[in-house]
Amino acid sequence: MFPVELWDTSGEGAKPDQAEKLADATAILAKAVEKTGRYSVVDLTPYKDAIEKASPRYACNGCWVPIAKEAGATFAAISTIHKVSSLISSFHISIANVETGKLVAYASGQFRGLYAIDRVPRRWRAVQE
């Protein structure tokens with residue numbers, strides 16, 4: 001499970017707690033995946049530097065594959081929050097087979113309302129419970 005990335009096309013600039021919220025979103029998503037009992041999340045902490053260099057993963061044409069392979073993952077989750085404005089954001093998650101690099105699942109959704117991006121982790125918590 002790669003860290004959730006922010007694709008910000010809003011022109012509004014970064015918020016002070018943005019990195020913390022993205023880390024929180026990643027942890028919530030990882031917990032939800034583990035909770036299914038079907039998958040185990042691979043610890044990518046030792047690959048932090050390589051992951052940062054392979055950014056943005058949503059537009060790097062598979063630059064994340066060598067990292068996932070080295071980590072011993074079977075599948076990789078690439079997640080992105082696209083912030084269009086404080087009112088409109090969307091979430092995208094792609095699951096790929098690490099061996100082939102081919103997409104095996106995709107899901108997306110939208111968040112709308114005042115400061116939608118700021119409420120994403122709270123909304124994910126509500127969904128997972």
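Is E5 buried or exposed? At 7% relative accessibility, E5 counts as buried. The legends below start with the whole chain and then move to single sites. The model is predicted.

**Figure 1**
The elements come in the order β-α-α-α-β-β-β-α. The protein has 129 residues, and 37% of them count as buried. Its accessible surface is about 7600 Å². Carbon and sulfur atoms hold 55% of that surface. Now take the contacts between residues at least 6 apart in sequence. Of these, 54% join residues at least 24 apart.

**Figure 1. R57 and E5 meet in a salt bridge.**
The bridge runs between the two side chains, with an N to O distance of 3.7 Å. This pair links distant parts of the chain, 52 residues apart. R57 sits in the loop between helix 2 and helix 3 (65-71). E5 belongs to strand 1 (residues 5-8). R57 has a relative accessible area of 6%. The cut-off for buried is under 20%, so R57 counts as buried. E5, at 7%, is buried too. In total, the protein has four salt bridges.

**Figure 2. D17 pairs with K21 in another salt bridge.**
Here the side chains come to 3.3 Å, N to O. D17 is partly exposed, at 31% relative accessibility. K21 is partly exposed as well, with a relative accessible area of 23%.

K48 has a relative accessible area of 51%. Exposed means over 50%, so K48 counts as exposed.

**Figure 3. A disulfide joins C60 to C63.**
A disulfide is a covalent bond between the sulfur atoms of two cysteines. The structure holds one. The S to S distance between C60 and C63 is 2.0 Å. C63 is partly exposed, at 26% relative accessible area.

**Figure 4. S90 is a buried residue in strand 3.**
Strand 3 covers residues 88-97. S90 has a relative accessibility of 10%, so S90 counts as buried. The side chain of S90 makes a polar contact of 2.9 Å with the side chain of H92. What else does S90 touch, leaving aside its neighbours within four places in sequence? The contacts are T80, I81, H82, G109 and Q110.

**Figure 5. Y39, F75 and V104 make a nonpolar surface patch.**
The patch comes to about 270 Å². Where is Y39 found? Y39 is in the loop between helix 1 (18-35) and helix 2 (48-53). Y39 is partly exposed, with a relative accessible area of 38%.

Technical notes:
Residues are numbered from 1 along each chain as its sequence is written. This is a predicted model: local features need pLDDT of at least 70, side-chain atom pairs count only at pLDDT 80 or more; totals for chains, interfaces and linings use all residues. Side-chain values use heavy atoms; hydrogens and water are left out. Helices (H or I, at least four residues) and strands (E, at least two) are DSSP runs, numbered from the N terminus. Buried means under 20% relative accessible area, exposed over 50%, partly exposed in between (1.4 Å probe, protein chains only). Contact means heavy atoms within 4.5 Å. Accessible areas come from the Shrake-Rupley method with a 1.4 Å probe; for residues, only the protein chains shown count as cover. A polar contact is a pair of N or O atoms within 3.5 Å; within protein, one must be able to donate a hydrogen and the other to accept it, and residues adjacent in sequence count only if both atoms are side-chain atoms. A disulfide is a pair of cysteine sulfur atoms within 2.5 Å. Patches are made of residues with over 30% relative accessible area and no salt bridge: like charges are joined within 9 Å, nonpolar side chains (Val, Leu, Ile, Met, Phe, Trp, Tyr) within 5 Å.
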